[in-house]
Amino acid sequence: MKQEELIQLLEQIAPPEIADDFDNGRIGMILDLLYTKNREVKKIAVTLDVTNNVLQKAADFGADILICHHTPLFHPIMTIPEDLAKRLKIAFDNNISIYAMHTNYDNADGGINTVLADMFGLKETCMTDFGIIGTVTPIETEEFVKKVSEKLNTPLLYAGDKTIRKVMICGGSCLNRHALSIAKANSVDAFLSSELKHSDVLRERGDMTIIDAGHYATENPGMRVLAQRLEKEIGSKTEILFIDDNPELKSI
């Protein structure tokens with residue numbers, strides 16, 4: 001398929017205009033090398049993070065484009081550090097374009113947060129500025145936490161011990177003061193996300209159950225679903241590869 005057709009499809013899935021303001025200039029085509037292949041896309045790789053390992057796997061696959069969640073160029077730079085230079089070299093040497101879908105995919109229907117909500121059976125859902133809120137069949141905290149750990153295949157941290165009926169879920173780094181205020185305003189029983197702030201969240205949670213399941217584990221399922229969706233919609237025209245590059249955090 002042509003580059004223009006792919007971008008049109010990706011923007012239908014996650015419209016750029018629904019991205020958070022801070023993502024201006026950080027989503028879309030981050031590195032455009034498809035001119036080397038006459039704008040033809042025959043192989044697509046999908047991943048969460050653009051690491052050296054991911055790029056090498058994309059290169060081995062022969063990917064024309066790598067669709068990611070986190071752009072490798074999130075912060076403006078004046079000099080190129082060694083690790084970034086190595087990543088970019090793999091991309092340039094193998095003519096791999098990079099396309100980022102960040103908060104526009106977080107906020108999209110069928111995106112990061114919707115996938116998580118579906119995984120945990122949330123009903124009567126509504127989107128917020130930070131994630132998605134819905135109801136579950138009443139469940140005790142310990143049982144819910146075990147379910148989260150098993151479904152996301154990850155160790156986690158949690159605080160709380162109550163019956164859970166209403167849940168707020170936000171993939172990625174949402175355990176912060178502003179998101180907690182939204183959770184409180186909506187009287188949720190449990191808030192599932194990652195990157196727990198001690199003073200801003202843990203000490204201010206009241207009786208709310210807080211679950212930190214990790215950044216990668218809460219966002220990777222959404223990217224896997226994106227790869228499956230692309231396979232279903234354009235698989236006859238283009239080969240799709242999902243690249244799992246779990247940082248493998250461990251607990252002792």
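In the predicted model, methionine 119 is in contact with Lys151, Leu152 and Pro221, when residues up to four places away in sequence are not counted. Methionine 119 belongs to helix α5. Its relative accessibility is 25%, and the residue therefore counts as partly exposed, the class between the limits of 20% and 50%.

The buried positions are Ile112, Asn113, Thr114, Val115, Leu116 and Ala117. Methionine 119, at 25%, is partly exposed. The cover over the buried residues of α5 includes helical elements, namely α4 (103–107), α6 (141–152) and α8 (215–234). Strands also contribute to this cover, among them β5 (123–127), β6 (132–140) and β8 (163–173). Just after α5, glycine 121 adopts a positive phi of about 65°.

Asparagine 95, which is not a glycine, has a phi of about 50°. This asparagine is located in the loop between α3 and β4 (97–100), and its relative accessible area of 26% makes asparagine 95 partly exposed. Serine 187, likewise a residue other than glycine, has a positive phi near 55°. Serine 187 is found in the loop that runs between α7 (177–185) and β9 (190–194). With a relative accessible area of 53%, serine 187 is exposed.

Lysine 162 lies in the loop between β7 (157–159) and β8. Its relative accessible area is 17%, so lysine 162 is buried, the limit for this class being 20%. The side chain of lysine 162 forms a polar contact with the side chain of aspartate 189, at 3.4 Å. When neighbours within four places in sequence are left aside, the contacts of lysine 162 are Ile139, Glu140, Thr141, Asp189, Asp207 and Thr209.

Threonine 71 occupies the loop between β3 (65–68) and α3 (82–93). The residue counts as buried, because its relative accessibility is 11% and burial is assigned under 20%. A polar atom of the threonine 71 side chain lies 3.1 Å from the backbone nitrogen of leucine 73. Beyond residues up to four places away in sequence, threonine 71 touches Arg26, Ile30 and Ala100.

Asparagine 24 is placed in the loop between α1 (3–13) and β1 (28–31). Its relative accessible area of 69% makes asparagine 24 exposed. Asparagine 24 and arginine 39 are 15 residues apart along the chain, and their C-alpha atoms are separated by 24 Å.

At the level of the whole protein, the model contains eight helices and 11 strands. The radius of gyration is 19 Å, close to the value of 18 Å given by the globule rule for 252 residues, so the protein is as compact as a globular protein of that length. The C-alpha trace spans about 55 × 40 × 35 Å along its principal axes. Of the 252 residues, 50% count as buried. Among contacts between residues at least 6 apart in sequence, 67% join residues that are at least 24 apart.

The protein exposes about 12,500 Å², of which carbon and sulfur atoms supply 49%. The protein carries 27 positive and 38 negative charges, and the mean positions of these two sets are 2 Å apart.

Key:
Residues numbered from 1 in each chain as written. Predicted model: local features only at pLDDT ≥ 70, side-chain atom pairs only at ≥ 80, totals over all residues. Heavy atoms only, no water. Helix = DSSP H or I, 4+ residues; strand = E, 2+ residues; numbered from the N terminus. Rg over C-alpha atoms; globule rule 2.2 N^0.38 Å. Buried < 20%, exposed > 50% of the residue type's maximum accessible area, 1.4 Å probe, protein only. Contact = heavy atoms within 4.5 Å. Areas by Shrake-Rupley, 256 points an atom, 1.4 Å probe, with all protein chains shown as cover. Lys, Arg positive; Asp, Glu negative; His and termini not counted. Charge placed at Lys NZ, Arg CZ, Asp CG, Glu CD. Polar contact = N/O pair within 3.5 Å; in protein donor to acceptor, adjacent residues only side chain to side chain.
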